[in-house]
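The following account leads the reader through selected features of one protein chain. Please keep the sequence and the structure in view while reading.

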Amino acid sequence: MQKFAQAVANVKLRWTLLDMTLSEEAFTQAEIRAQEPRQAGYAVAARYDRRTGRVVVKLNTEVQISFPARLAEGLAGAAPEDLALIEISPSGLGLHWPRLDADLYVPGLMADQLGSKRWMTAQFDTTVSGSSSIHLA
């Protein structure tokens with residue numbers, strides 16, 4: 001009976017080690033996938049330019065992108081002091097306006113997406129129908 005118990009313990013130990021190996025491998029793969037969106041650039045600084053009404057984002061690549069705040073989801077009609085407070089996510093892939101509870105995805109901004117797919121579709125639909133006050137300039 002003691003040998004059987006030892007054999008069971010050895011099998012459990014092997015399975016535990018196998019699970020840990022798989023978990024470490026899965027974790028490594030997840031880290032690699034998480035870095036992929038950062039390859040095109042990520043935010044290192046962001047500010048609201050009151051004079052132009054634009055949000056200016058500096059990327060780690062030294063490229064700057066900017067867009068009119070009035071055209072972005074959650075930012076239209078906001079007070080300049082609320083637009084001025086911008087937080088950058090630890091990954092540099094997200095911008096957050098805490099006073100507005102608004103978020104934008106930096107890779108999306110680089111692809112001219114100023115909001116979620118649903119929001120962008122609604123903006124396009126209302127612009128085409130002529131009932132929107134948002135105009136692309």
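This is a predicted model: local features need pLDDT of at least 70, side-chain atom pairs count only at pLDDT 80 or more; totals for chains, interfaces and linings use all residues.

**From a strand residue to the sheet and its loops**

Leaving aside its neighbours within four places in sequence, Asp49 is in contact with Arg54 and Val56. Asp49 belongs to strand β1. Is this residue buried or exposed, given its relative accessible area of 17%? Asp49 counts as buried because its relative accessible area of 17% falls under the cut-off of 20%.

Three strands make up an open sheet, arranged in the order β1-β2-β3, with antiparallel pairing. The edges of the sheet are taken by β1 (43-49) and β3; each has a single partner strand, so one side of each is left without a neighbour in the sheet. On average, and with direction ignored, neighbouring strands of this sheet are turned by 15 degrees against each other. In general, the strands of a sheet pair through backbone hydrogen bonds, in either a parallel or an antiparallel manner. Here β2 and β3 run antiparallel and are joined by five bridges. For Val57, the bridge partner in β3 is Ile65.

The loop between β2 (54-59) and β3 (64-68) contains Glu62. The phi of Glu62 is near 75 degrees, a positive value in a residue other than glycine. As a rule, most residues other than glycine have a negative phi. Glu62 is also exposed: its relative accessible area is 59%, and the cut-off for this class is over 50%.

A second residue with a positive phi is found between two helices. Asp112 lies in the loop that runs between α3 (106-110) and α4 (117-129). Its phi is about 65 degrees, although Asp112 is not a glycine. Asp112 is classed as exposed because its relative accessible area is 65%, where exposed means over 50%.

A further loop, between β4 (87-88) and β5 (94-97), holds Ser89. What is the accessibility class of Ser89, with a relative accessible area of 25%? Ser89 is partly exposed, because 25% lies between the cut-offs of 20% and 50%. A polar atom of the Ser89 side chain lies 3.3 Å from the backbone nitrogen of Leu93. Ser89 can also be placed relative to Val44: these residues are 45 residues apart along the chain, and their C-alpha atoms are separated by 9.6 Å.

Technical notes:
Residues are numbered from 1 along each chain as its sequence is written. Side-chain values use heavy atoms; hydrogens and water are left out. Helices (H or I, at least four residues) and strands (E, at least two) are DSSP runs, numbered from the N terminus. Buried means under 20% relative accessible area, exposed over 50%, partly exposed in between (1.4 Å probe, protein chains only). Two strands pair if DSSP finds at least two bridges between them. Axes are lines fitted to C-alpha atoms, for helices over the stretch in contact, and angles run from 0 to 180 degrees between N-to-C directions. Contact means heavy atoms within 4.5 Å. A polar contact is a pair of N or O atoms within 3.5 Å; within protein, one must be able to donate a hydrogen and the other to accept it, and residues adjacent in sequence count only if both atoms are side-chain atoms.
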